[in-house]
Amino acid sequence: MGIVAGLDSSSGFTHVVVCDTDTGAVLREGYAPHPVEEKATEADPQAWLLSLGEAAADGLLDDVQAIGVSAQQHGLVPLDANGQPVRPALLGNDKRAQVAAADLVEGLGGRQAWAQAVGSVPTSPQPLAKLAWLARHEPENAARIAGVMQPHDWLVWQLLGRPARRTTDRGAASGTGYWSAATGSYRPDLVELALGHQAALPEVLGPSEAAGMTPEGLLISAGTGETMAAAFGLGVAVGDAVVSLGASGSVMAVHHEALADPSGMITSFADATGMHLPVVHTSNAVRALRGTAELLGVEGGLEELSALALKSTPGSSGLVLLPYLEGERTPWLPHTAGTLLGLRRESMKPEHLARASFEGMLCSLADAMDVLRGRGVQVRRVFLLGAAAELPAVQGMAPMIFGTQVVVPAPAQYAALGAARQAAWALGVAQGTLSPQEPPAWRGAVAQVLEPGDEAAVGAAIRQQFKAARDQVHPGAFETGAE
């Protein structure tokens with residue numbers, strides 16, 4: 001038996017798990033918040049190291065042989081010629097680059113051109129858009145940028161003692177906006193398009209490769225972004241989709257190839273195993289539930305809204321909510337608003353609107369899932385993530401609306417677990433006990449499994465009612481608007 005550690009440096013804290021290399025059983029855990037920053041959209045990278053040191057205190061890493069690193073995605077650490085940050089890191093929640101991202105889309109010839117070039121369309125969170133924002137708003141800092149890294153890259157580099165070689169992995173690289181998951185290569189011309197000059201980019205490692213050894217002889221694996229690490233920690237495979245219920249939503253699946261989507265609705269990420277993670281985002285998920293709760297004056301939050309919704313019947317008495325409250329990415333309707341249809345005297349009851357909000361949210365995510373299915377992605381099982389996944393209304397409706405088995409994993413630090421599993425893989429390859437093509441077979445996530453059963457036909461009818469309303473208000477929404 002060996003011992004490895006996985007650390008997840010998220011937007012607000014660091015979690016460390018120490019695991020058995022053979023089974024993945026968690027032996028020890030550590031946690032520390034990040035220091036509070038004056039600006040929530042920026043951070044001194046040194047704060048991540050301080051948080052890591054605190055989380056790993058009191059001998060947590062004793063006897064550990066390898067470490068994997070997961071970190072928040074879409075952060076940008078701009079470095080000067082000496083490897084020092086030219087300014088605080090820009091984080092993924094920074095929306096100041098929205099205009100810069102739109103200009104980049106136009107500069108390359110539209111959404112389709114970008115989807116074909118790198119598998120995604122520029123958005124404000126991406127490092128590429130942040131570089132363009134810096135070039136426009138902080139030209140002196142931009143001129144000093146000699147290299148760029150993301151949070152996970154930078155942490156691995158620091159753990160290794162800042163060697164001349166800088167590395168990343170294909171999962172994190174696929175979220176930059178200047179690396180293509182389809183070709184497995186950088187597009188330095190796009191960095192120059194955004195920044196105005198070239199910058200050094202980290203070497204992209206394979207899934208089971210090691211980034212290096214610390215002076216103390218500790219192996220550091222390639223590391224990856226939080227999304228990829230969480231998928232690895234969950235143990236998702238081909239045929240699995242992951243539906244994330246945040247304020248916005250996303251549907252991610254495991255696929256054998258990158259998908260260049262002409263509409264730009266699919267973002268083509270790489271995963272931490274050598275496969276691909278096509279993702280379709282929706283702009284509205286739990287925010288539609290919260291908005292409905294506020295409208296109805298429900299004071300008990302989403303739990304009370306869930307209980308109210310279950311007093312209604314499937315189909316919400318004909319009431320349909322198109323939950324496009326903040327515009328929508330899938331379908332591409334950035335300037336639209338939400339719509340409530342089917343108002344009749346008998347449907348104008350709180351419980352029907354409550355249920356319509358849940359059905360609308362889940363049908364919108366099912367639409368996103370259909371975008372992936374339409375490109376040949378298999379979905380036989382859905383992992384449902386997010387606090388809202390625990391709501392009885394979500395668990396009651398999701399299997400029938402998605403038309404497939406739904407798995408609700410028990411809460412756990414899946415990104416840190418995925419990082420630890422990667423460390424065990426790299427360690428096994430280095431020791432000659434594991435194949436570079438086959439990760440360690442760790443135990444799957446403890447989960448609640450929900451089946452659609454006889455209600456699959458009811459779910460199909462709900463979907464049809466939603467589609468009819470959507471096509472009435474937004475005809476051809478999934479066939480137009482790609483540009």
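Predicted model: local features only at pLDDT ≥ 70, side-chain atom pairs only at ≥ 80, totals over all residues.
Q: Is Glu 192 buried, partly exposed or exposed?
A: Buried means under 20% relative accessible area, exposed over 50%, and partly exposed in between (1.4 Å probe, protein chains only). Glu 192 comes out at 39%, so it counts as partly exposed.

Q: Which residues does Glu 192 touch, beyond its neighbours within four places in sequence?
A: Contact means heavy atoms within 4.5 Å. Here, the partners are His 197 and Gln 198.

Q: Where does Glu 192 sit?
A: Helices (H or I, at least four residues) and strands (E, at least two) are DSSP runs, numbered from the N terminus. Glu 192 is part of helix 8, residues 188-195.

Q: In what order do the strands of the open sheet run?
A: Two strands pair if DSSP finds at least two bridges between them. Seven strands line up as 18-19-17-16-22-23-24, with mixed pairing. Strand 18 (266-270) and strand 24 (447-450) are at the edges with a single partner strand each, so one side of each has no neighbour in the sheet.

Q: How many bridges join strand 16 to strand 17?
A: Five, and these strands run antiparallel. Ala 241, for instance, has Ala 253 in strand 17 as its bridge partner.

Terms used. Residues numbered from 1 in each chain as written. Heavy atoms only, no water.
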